[in-house]
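Dear colleague,

I am passing on the structure below, together with some notes on what came out of going through it. Please read the notes with the coordinates open beside you.

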Amino acid sequence: MVSQSGFLPPETPLFEIRDAYGNEQKRGVQVTNAKLGDALAAKLGKNPVVLMRGHGETVVGRSVREATIRALYTNINARAQSAALALTPEYYGLG
């Protein structure tokens, strides 16, 4: 983990929008109504970041600046972890 990403929890929650839709016929990956927004907020909980399957992430902070910085370091951290996995996949049980 990149040290500037210390705000990230040990496990980042994943928002699966298909679960939030339930039996609705209309689907998509964008949060376009209050029901989906409530489901996203519930999954986010007290975490600073929630991953959105097929659609990126939602990042929060006490200010726009803090949320922006968190978004940047979340991305940097993900790239660093991906590079580490590529170098030693057997260490992580992937090779």
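Leucine 40 counts as buried, because its relative accessibility is 13%, under the cut-off of 20%. This residue belongs to helix α2, which covers residues 34-44, and, leaving aside residues up to four places away in sequence, leucine 40 touches Phe15, Val31, Val50, Met52 and Thr58. Leucine 14 lies 26 residues from leucine 40 in sequence, and their C-alpha atoms are 9.4 Å apart in space.

All of this rests on a predicted model, so please keep the confidence values in mind. The chain has an average pLDDT of 86, with 92% of the residues scoring at least 70; confidence is highest in strand β1 (residues 14-15), at 94, and lowest in helix α1 (residues 17-21), at a mean of 83.

Helix α3 runs over residues 64-87, and its 24 residues should span 34 Å at 1.5 Å a residue, which agrees with the 35 Å between its end C-alpha atoms. Within α3, the residues Glu66, Ala67, Arg70, Thr74 and Asn77 are buried, and the cover over the buried residues of this helix includes β2 (49-52) and β3 (56-59).

Threonine 74, in helix α3, counts as buried because its relative accessibility is 8%. A polar atom of the threonine 74 side chain lies 2.7 Å from the backbone oxygen of arginine 70. Again not counting residues up to four places away in sequence, threonine 74 touches Phe7, Leu8, Val49 and Glu57.

With best wishes

Key. Residues are numbered from 1 along each chain as its sequence is written. This is a predicted model: local features need pLDDT of at least 70, side-chain atom pairs count only at pLDDT 80 or more; totals for chains, interfaces and linings use all residues. Side-chain values use heavy atoms; hydrogens and water are left out. Helices (H or I, at least four residues) and strands (E, at least two) are DSSP runs, numbered from the N terminus. Buried means under 20% relative accessible area, exposed over 50%, partly exposed in between (1.4 Å probe, protein chains only). Contact means heavy atoms within 4.5 Å. pLDDT is the predictor's confidence in each residue, from 0 to 100. The expected span of a helix is 1.5 Å times one less than its number of residues. A polar contact is a pair of N or O atoms within 3.5 Å; within protein, one must be able to donate a hydrogen and the other to accept it, and residues adjacent in sequence count only if both atoms are side-chain atoms.
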